[in-house]
Amino acid sequence: MNNEEQLIASSHQYNVKKECPMPSPRELFKLAYEADRNRKFDEAENFYRQALKLNPKYSMAWNNLGWILFDQFQQYKEAEKCYKKALKYDNRNFYAWNNWGILYYRQKMNFSKAQECWEKAITFNPEFGNAWNNLSVLYKFQHGNPTKAREFEEKAIKYQNSEQKQTPTSNLTHNFCSECGSTLEASQKICDVCGLER
């Protein structure tokens, strides 16, 4: 079985439309995301790479591939290349800025670059709790500034809690992804599930 046949066979197990001989980049992204959630990281990497062959400018696919390469396979240089490409095609991709900051912090111990990346993430999404949390850790352990760390931690908690409390019946403003129907925060630009960028 060649690579295309394997991809098509594998995609059918995730319920991709059977009349479609080759999944679209978005369908491949969804397959990758699902494989990642099921801890099938080799499959997820393959699906992201296939999506990127079809659409080399798919910013969220570059970001998610970078995260798998960094977090699961410890391929730090390759992960960094992925984050750079994600940002080349969408400089406002706050997920990529956040993940690149984590790479700088954990792998390179370059705290000033990590801080720049997290501040960029917040510039593009001021309600992104993960970036606020990362800045809190940075200020607590690297800058020795517990006051600022606590301020950032409170923002992280506020935004992470508001994300968790959003439901279709809540009074909070929310939107739904036009591609997959997932709930999006009011300020969210990219769907976590399918990667649709609005």
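How many aromatic pairs does a search of the whole structure find? The search finds 13. The structure is a predicted model, so confidence comes up again at the end of this report.

**Aromatic pairs**

A pair of aromatic rings is described by the distance of the centres and the angle of the planes. Two of the pairs are set out here.

| Pair | Centre distance | Plane angle | Geometry |
|---|---|---|---|
| Tyr95 and Phe128 | 5.4 Å | 75 degrees | edge-to-face |
| Tyr139 and Phe152 | 5.2 Å | 80 degrees | edge-to-face |

Why is the Tyr95 and Phe128 pair edge-to-face? The ring planes stand at 75 degrees, and planes over 60 degrees apart count as edge-to-face. Tyr95 sits in helix 6, residues 94–108. Phe128 sits in the loop between helix 7 (111–124) and helix 8 (129–141). The pair therefore ties together parts that are 33 residues apart in sequence. Both Tyr95 and Phe128 are buried.

The Tyr139 and Phe152 pair links two helices. Tyr139 belongs to helix 8, and Phe152 to helix 9, residues 146–165. Their pairing thus ties together parts that are 13 residues apart in sequence. Are these two residues buried or exposed? Tyr139 has 13% relative accessibility, so it counts as buried. Phe152 has 8%, so it counts as buried too. The cut-off for buried is under 20%.

Aromatic residues also form a cluster. Phe29, Tyr48 and Tyr58 make up one such group.

**Asn134 in helix 8**

Helix 8 also holds Asn134. Its relative accessibility is 16%, so Asn134 counts as buried. Which residues does Asn134 contact, leaving aside its neighbours within four places in sequence? They are Asn98, Ile102 and Trp118. Ala114 is 20 residues from Asn134 in sequence. In space, the C-alpha atoms of Asn134 and Ala114 are 9.0 Å apart.

**Confidence**

The chain averages a pLDDT of 83. Of the residues, 71% score at least 70. Which element of the chain has the lowest mean pLDDT, and which the highest? Helix 1, residues 3–13, has the lowest, at 53. Helix 3, residues 41–54, has the highest, at 98. Over residues 165–174, pLDDT stays under 50. For that stretch the model has 15 contacts beyond four places in sequence.

Note on methods: Residues numbered from 1 in each chain as written. Predicted model: local features only at pLDDT ≥ 70, side-chain atom pairs only at ≥ 80, totals over all residues. Heavy atoms only, no water. Phe/Tyr/Trp six-rings, centres within 6.5 Å; stacked < 30°, edge-to-face > 60°. Helix = DSSP H or I, 4+ residues; strand = E, 2+ residues; numbered from the N terminus. Buried < 20%, exposed > 50% of the residue type's maximum accessible area, 1.4 Å probe, protein only. Contact = heavy atoms within 4.5 Å. pLDDT = per-residue confidence, 0-100.
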